[in-house]
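Thank you all for coming; I would like to take a few minutes to walk through one structure. Please have the sequence and the model open while I talk.

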Amino acid sequence: MLMFFAEPAVFVPPLTPAPRPVTCADDCISPVEAVTYASYLAPKAAIAGTFRMEVKAVGEQRGFYYLNSETDYRDRNCLTIAMPARVMAELTGGEGLDAAEKALKGRVVVVRGVAERVKIGFFDEDGKATDKYYYQIQIRIGRPDQIAVRTAG
């Protein structure tokens, strides 16, 4: 005999897992490793993982914030974490470049994401693209739970 129920016999709520904390022990990927691997794999692939770096410089441009592993963001060994302003505001509890620098410069961050090579173009004074460019290795994040801030060291 088959029985059909209009309602399930046991209700199981859909699973919405809590975000995992961003941590690493000895297996985090360093900035130099990330830059090396991502450069080697580009343009066909990128490297996913958990990355650890000291923030040596913070930048902002057109609503995006950038955390850099080198003081010069154009340094070939620089790993950059890019995020929208709303993520930076949630992460630091403040708004603006000064708040971001005060909260993050000199600190160590651990981030979960994908490091990929991004082509950065130059523009002339009229805003037109030139034929000049360089490559930067970036980890783009869209949620504050992808990054954790630690003390330097």
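Predicted model: local features only at pLDDT ≥ 70, side-chain atom pairs only at ≥ 80, totals over all residues.

**The pocket and what surrounds it**

Let me begin with the largest pocket, which holds about 500 Å³ of space. A pocket here is an open set of points on a 1 Å grid over the protein atoms alone, where a 1.4 Å probe fits and protein lies on both sides within 12 Å along at least five of seven lines, and a lining residue has an atom within 4 Å of a point. The volume is the space filled by probe spheres set on those points, with points joined across faces, edges and corners.

Residues are numbered from 1 along each chain as its sequence is written, and side-chain values use heavy atoms, with hydrogens and water left out.

Helices (H or I, at least four residues) and strands (E, at least two) are DSSP runs, numbered from the N terminus. Of the contacts in the chain with a separation of 6 or more, 59% are between residues 24 or more positions apart, where contact means heavy atoms within 4.5 Å. Buried residues make up 31% of the 153 residues; buried means under 20% relative accessible area, exposed over 50%, and partly exposed in between, with a 1.4 Å probe and protein chains only.

Now to the aromatic residues, where the structure holds 2 aromatic pairs. Rings of Phe, Tyr and Trp (its six-membered ring) pair if their centres lie within 6.5 Å, and planes under 30 degrees apart count as stacked, over 60 as edge-to-face and the rest as tilted. The rings of Phe-122 and Tyr-134 have centres 5.8 Å apart and planes at 50°, so this pair is tilted. Because Phe-122 lies in S5 (residues 108-123) and Tyr-134 in S6 (residues 129-140), the pair ties together parts that are 12 residues apart in sequence. Phe-122 is partly exposed, at 29% relative accessible area, whereas Tyr-134 is buried, at 16%.

The other pair, Tyr-133 with Tyr-135, is edge-to-face, at 5.6 Å centre to centre and 75° between the planes. Tyr-133 is partly exposed at 41%, and Tyr-135 is partly exposed at 40%. What sits over these rings? The charged end of Arg-117 sits over the ring of Tyr-135, 3.9 Å from its centre, and that of Lys-119 over the ring of Tyr-133, 4.2 Å from its centre. A charge counts as over a ring if NZ of Lys or CZ of Arg is within 6 Å of the ring centre and within 35 degrees of the ring normal.

Finally, two details of the backbone. The peptide bond from Ala-42 to Pro-43 is cis, with omega near 0°, and Pro-43 is in the loop between helix H1 (31-41) and strand S1 (47-54). Arg-62, in the loop between S2 and S3, has phi near 50°, a positive value in a residue other than glycine, and Arg-62 is exposed, at 69% relative accessibility.
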